[in-house]
Amino acid sequence: VVDRSDLTLLVNEPSIKRLHLPAGLDVTYHEATPGIVTHAQTLLGLVVIVYMLRLAVLAYRSGRRQQARPLLVALGLFAGAVLNDTFVSSGVYGFIYLIEYGYLAMIGLMAYALSGTVVEAATAKETLRASEERFRSLVETSGDWVWETDRRGVYTYASPTVRALLGYEPDEVVGRTSFDLMPPDEATRARSLFEGIAAAGGPLERLERVTRHKDGRLVVLETSGVPFFDASGALLGYRGMDRDVT
């Protein structure tokens with residue numbers, strides 16, 4: 001596009017190639033002789049393809065064979081087409097150009113690979129949805145109050161059982177801490193205990209705490225929970241359950 005000089009194409013030096021194919025078919029290519037820029041572009045393309053092949057081989061060896069196999073085949077066919085066209089264009093031998101067929105093969109194989117990936121993703125999503133539905137049904141029918149908090153103890157999830165246990169709707173609990181639902185002295189004691197356990201990233205093992213019901217009466221709950229962490233090992237919060245032991 002940028003260079004129209006002889007560096008790209010020698011337009012005054014035609015390169016006509018005539019091929020005789022089976023069944024009496026003949027093909028004639030009317031071309032200009034490629035210049036040094038065209039040759040450099042072709043070599044750069046070959047280098048890129050070799051690099052992509054190397055990545056595909058590494059992916060195959062790392063265990064991702066199902067994903068890497070179509071890519072290896074597609075790149076192999078495309079690389080063969082590019083090599084063929086480079087030799088034909090340079091006059092090494094006479095044959096038809098294959099780059100268009102290489103593109104078609106690559107698109108077809110990658111479409112096949114992507115379709116498999118899409119199907120697998122859809123299947124995994126459906127499996128996850130079914131698993132979440134089973135978990136939700138189990139949680140909502142459990143006699144224990146199942147909850148999740150962040151690392152500060154703020155509830156991010158509360159199962160519907162909290163309604164029967166403390167008289168609150170789940171939405172009334174989310175965004176608050178368990179200490180907000182306790183008498184002041186009990187809140188101070190429980191907060192100090194929780195902060196010590198959370199600092200060590202330990203579990204909550206059958207801790208008894210006094211909580212105020214929405215109607216004002218006091219309820220003794222037994223709390224058990226386990227911590228969960230991010231990829232770097234930092235505490236994200238706790239998941240657990242409470243039961244009435246009043």
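User: What should I keep in mind about numbering and confidence?

Analyst: Residues are numbered from 1 along each chain as its sequence is written, and side-chain values use heavy atoms, with hydrogens and water left out. Because the model is predicted, local features need pLDDT of at least 70 and side-chain atom pairs count only at pLDDT 80 or more, whereas totals for chains, interfaces and linings use all residues.

User: How do the axes of helix 1 and helix 2 cross?

Analyst: Two packed helices are described by the angle between their axes and the distance between the axes. Here the axes of helix 1 (residues 36-61) and helix 2 (residues 65-90) come within 9 Å and cross at roughly 160 degrees. That makes helix 1 roughly antiparallel to helix 2 (an angle over 145 degrees).

User: How many bridges join strand 5 to strand 6?

Analyst: Two strands pair if DSSP finds at least two bridges between them. Strand 5 (residues 204-212) and strand 6 (residues 218-229) run antiparallel and are joined by seven bridges, with Arg209 standing opposite Leu221 of strand 6. Five residues lie between the strands of this hairpin, where Gly216 takes a positive phi near 105 degrees.

User: Is Thr211 buried or exposed?

Analyst: Buried means under 20% relative accessible area, and exposed means over 50%. Thr211, found in strand 5, is buried, with a relative accessible area of 0%. Its side chain joins that of Arg209 in a polar contact of 3.0 Å (a pair of N or O atoms within 3.5 Å, one able to donate a hydrogen and the other to accept it).

Terms used:
Helices (H or I, at least four residues) and strands (E, at least two) are DSSP runs, numbered from the N terminus. Buried means under 20% relative accessible area, exposed over 50%, partly exposed in between (1.4 Å probe, protein chains only). Axes are lines fitted to C-alpha atoms, for helices over the stretch in contact, and angles run from 0 to 180 degrees between N-to-C directions. Angles under 35 degrees count as roughly parallel, over 145 as roughly antiparallel, 65 to 115 as roughly perpendicular and the rest as oblique.
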